[in-house]
Number of protein chains: 2
Amino acid sequence: MNHFEYKNPTKIIFGQDKITELAKEIPAKAKVLILYGGGSIKSNGIYDQVKTALADFNVMEFGGIPPNPEYAVLMDALDFIKSNEINFLLAVGGGSVIDGTKFLAAAAYHEGETPWDILTSRKPVMKAMPFASVLTLPATGSEMNSGAVVTRNETREKLAMGGPALFPQFSILDPQVIQSIPERQIANGLADAFTHVLEQYLTYPTDVLLQDRFAESILQTLIEVAPKILKDPSDYKAASNFMWSCTMALNGLISQGVPSDWAVHAMGHELTALFGIDHARTLAIIAPSHYKYNMGSKKEKLAQYAERVFNISDGSIDEKALAGIDATESFFHSLGIQTKLSEYTQDYKGTSELISERFTERGWMGIGERGSLSPGDVAKIVEMAY
Amino acid sequence: MNHFEYKNPTKIIFGQDKITELAKEIPAKAKVLILYGGGSIKSNGIYDQVKTALADFNVMEFGGIPPNPEYAVLMDALDFIKSNEINFLLAVGGGSVIDGTKFLAAAAYHEGETPWDILTSRKPVMKAMPFASVLTLPATGSEMNSGAVVTRNETREKLAMGGPALFPQFSILDPQVIQSIPERQIANGLADAFTHVLEQYLTYPTDVLLQDRFAESILQTLIEVAPKILKDPSDYKAASNFMWSCTMALNGLISQGVPSDWAVHAMGHELTALFGIDHARTLAIIAPSHYKYNMGSKKEKLAQYAERVFNISDGSIDEKALAGIDATESFFHSLGIQTKLSEYTQDYKGTSELISERFTERGWMGIGERGSLSPGDVAKIVEMAY
């Protein structure tokens, strides 16, 4: 087991009707900015629940944070925060709103020239305005981790940031919110969380027995609840397990002491930046090709995954590994998610070279758990995913 | 899934030679008291590592905290803390030393008449002196939770306390410390952690799929590493998984949203108080009888446990449940731990009535996950364990 440091101070408040507890958690004299996305929280009642819970607070709001939170919009929000002397941010939304809020929390206290530096410098964020979240869309785990991803349409870039100051003070998880999520987004959440686990698990064999089993536990739970939650999003049992699995998939626990891959995300982010494909679907496009291309170095873990998660016990290591990849692709299909780029766009030719060039330009000479995948490998993987 | 609140702010620093990082974690001007037990840290080199790491600090020490930390000894330590104006406590030891330190952290800030009130009042501890731990004996999980148990020989009592102020600021887990632990104590650690999981898992079926699988993951890992670590405590792979499994077994994660039993501990504590039997061994004495006695209400979970943890797939629910109990007893035997009270003392007659009376005197009219086990049931379970 590699050495590690683990601390996750986010308080999780989980259960039905827990949004009512907001007022207990926010400092009494805070000047609160509620941040949200396209306004679905106004039609599904969550906005009203939040406003009611915060009736005694000094509250302002900023809506319209788009999926893949856009830098230009966030810069408007930053102006708003500064000119209104906001001192507590409350994200009410999914991963995009929470990630955007993390960027704002860091940007509000940033001392450099431009907040864009936070994303390009890759330095851990050590100071940030206090913030919290009410999760409305389980998927990214952002509600209990210290990372965020921000998109800049101007340059078609999507970059990551993080640091110890970026854990939410608290996050409220009420599985009832899932009732009003469109099926497409529930499918995305399932695929996103599933792939988060794969990125931290499908590497090479290590001696980290417990984290492997925890990873497999999350995958098995997502597989078990996926058809139920897609059939009936008001199924509280399925909804609560789905929601908690998404959080546990990326709150740092299963990554302690193990190698991580994250090449699927690195390539997937490019597909979102280039084509606007939903984040989760880009992962489903890249993952099968990535695992096939890297069979040589990943087959032991792929075989373990096939055995323990999909009960595939027959065959050689190679056969089990391939069956595991097939089962992964079938799982994505069972969610109604296609796994080839050509199923999303007819304009895909040249994508592999383009992404490879962008990696080279950014100086990303090696990705994956060993840092061994070159821009040339990336081109081949993306082409396999056409 | 029951609603829950989960926050665990303890920082874990895990890996080889991490004791050297102590100085980075303790406030520079702290007046530190190092607390330890019988002095084994002086022979195995851990004491020297700690003193070297804290060379630049104002450090005092208090040794001699006994297994099942004794109230009278702790009261001496409390006097020492007050008269020397200590403001940071560093436990260097196993669960007993860390639990004792938690009591002292609470007692140092306690405003009531006598610190014993902390244990009898059952109120959550909201204020405590900052403290941390260097774990030398994996078993209790005390290094990453907010609970403690203190013994008072004068009244032969063993009582629990806890509260949000009782999470260690940080805990250093170096699996190399396991090399110098006597086999008997390693076996105890394995049995203790295993039973901690059972107490949070072997109740009745719930809809909490993920926590069930996490619990099973810890049990499977302990079963996998037990023979290896007993054979060779310098096996770093086995040691690190053993150490981390013990922490995860009782850091609050697997208990979120699920019912908990803890009747095995309630009865086991009495056997330690009455006979001085090692804590872990009292659990191994009580557990099989407890599960057999409560087959009616626990058989579904026992059967799931048998299937998923021990791969017992044949037979009816009752047969699988019983096979699961037998497998549990066999696991304890594989650790060299006997599972009958008469194997520890010839003086066991009347124990069942005595424990039952003590429960009644304390007003404990019902224990277990449903609070349905009466002092009469307790008498029967203890008698089954003779």
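At 0% relative accessibility, Ala306(B) counts as buried, a class that means under 20% relative accessible area, with exposed standing for over 50% and partly exposed for values in between (1.4 Å probe, protein chains only). The structure is a predicted model, in which local features need pLDDT of at least 70 and side-chain atom pairs count only at pLDDT 80 or more, while totals for chains, interfaces and linings use all residues. Residues are numbered from 1 along each chain as its sequence is written, chains are lettered from A and ligands numbered from 1 in the order in which they are written, and side-chain values use heavy atoms, with hydrogens and water left out.

Ala306(B) lies in helix 12 (residues 295–310) of chain B, where helices (H or I, at least four residues) and strands (E, at least two) are DSSP runs numbered from the N terminus. Leaving aside neighbours within four places in sequence, Ala306(B) is in contact (heavy atoms within 4.5 Å) with Asn311(B), Ile312(B), Lys320(B) and Gly324(B). The C-alpha atom of Ala306(B) is separated by 9.7 Å from that of Glu319(B), 13 residues apart along the chain.

In chain A, UniProt lists residues 9–175 under "domain: Alcohol dehydrogenase iron-type/glycerol dehydrogenase GldA" (unreviewed entry) and places "domain: Fe-containing alcohol dehydrogenase-like C-terminal" (unreviewed entry) at residues 188–351; such positions are given in the numbering used here, feature names are shortened, and annotations may be inferred rather than shown by experiment. Over residues 9–175 of chain A the chain is 29% helix and 26% strand, with the end C-alpha atoms 22 Å apart, whereas the span 188–351 of chain A is 70% helix and 0% strand, with its end C-alpha atoms 23 Å apart.

Strand 4 (residues 88–93) of chain A has 6 of its 6 residues buried and is therefore largely enclosed by the rest of the structure. Both faces of this strand are covered, with Phe88(A), Leu90(A) and Val92(A) buried on one side and Leu89(A), Ala91(A) and Gly93(A) buried on the other. Strand 4 of chain A pairs in the parallel sense with strand 2 (residues 31–35) of chain A over 4 bridges, pairing being assigned if DSSP finds at least two bridges between two strands, and is also joined by 5 bridges to strand 5 (residues 131–135) of chain A, again in parallel. Leu89(A) is the bridge partner of Leu33(A) and stands opposite Phe131(A) in strand 5 of chain A.

Thr140(A) is placed in the loop between strand 5 and strand 6 (147–152) of chain A and, at 22% relative accessibility, counts as partly exposed. Not counting residues up to four places away in sequence, Thr140(A) touches Gly95(A), Asn145(A), Asp192(A), His196(A) and Leu250(A). The C-alpha atoms of Thr140(A) and Pro375(A), 235 residues apart along the chain, are separated by 26 Å.

In chain B, 5 of the 6 residues of strand 6 (residues 147–152) are buried, so this strand is largely enclosed by the rest of the structure. Strand 6 of chain B is joined by 6 bridges to strand 7 (residues 157–162) of chain B, the two running antiparallel, and the bridge partner of Thr151(B) in strand 7 is Lys158(B). The hairpin of these strands has 4 residues between them, and Arg156(B) takes a positive phi near 50 degrees there.

Beyond its neighbours within four places in sequence, Trp244(A) is in contact with residues of both chains, including Ile12(A), Phe14(A), Leu173(A), Met1(B), Phe4(B) and Leu253(B).

A search of the whole structure finds 31 aromatic pairs over all chains, counted where rings of Phe, Tyr and Trp (its six-membered ring) have centres within 6.5 Å, with planes under 30 degrees apart classed as stacked, over 60 as edge-to-face and the rest as tilted. Phe62(B) and Phe80(B) form an edge-to-face pair, 6.1 Å centre to centre and with 65 degrees between the planes. This pair links distant parts of the chain, 18 residues apart, with Phe62(B) in strand 3 (residues 58–62) and Phe80(B) in helix 4 (residues 71–83) of chain B. Phe62(B) is buried, with a relative accessible area of 14%, whereas Phe80(B), at 23%, is partly exposed. Phe331(B) and Phe332(B) form a tilted pair, 6.3 Å centre to centre and with 45 degrees between the planes, and both residues are buried.
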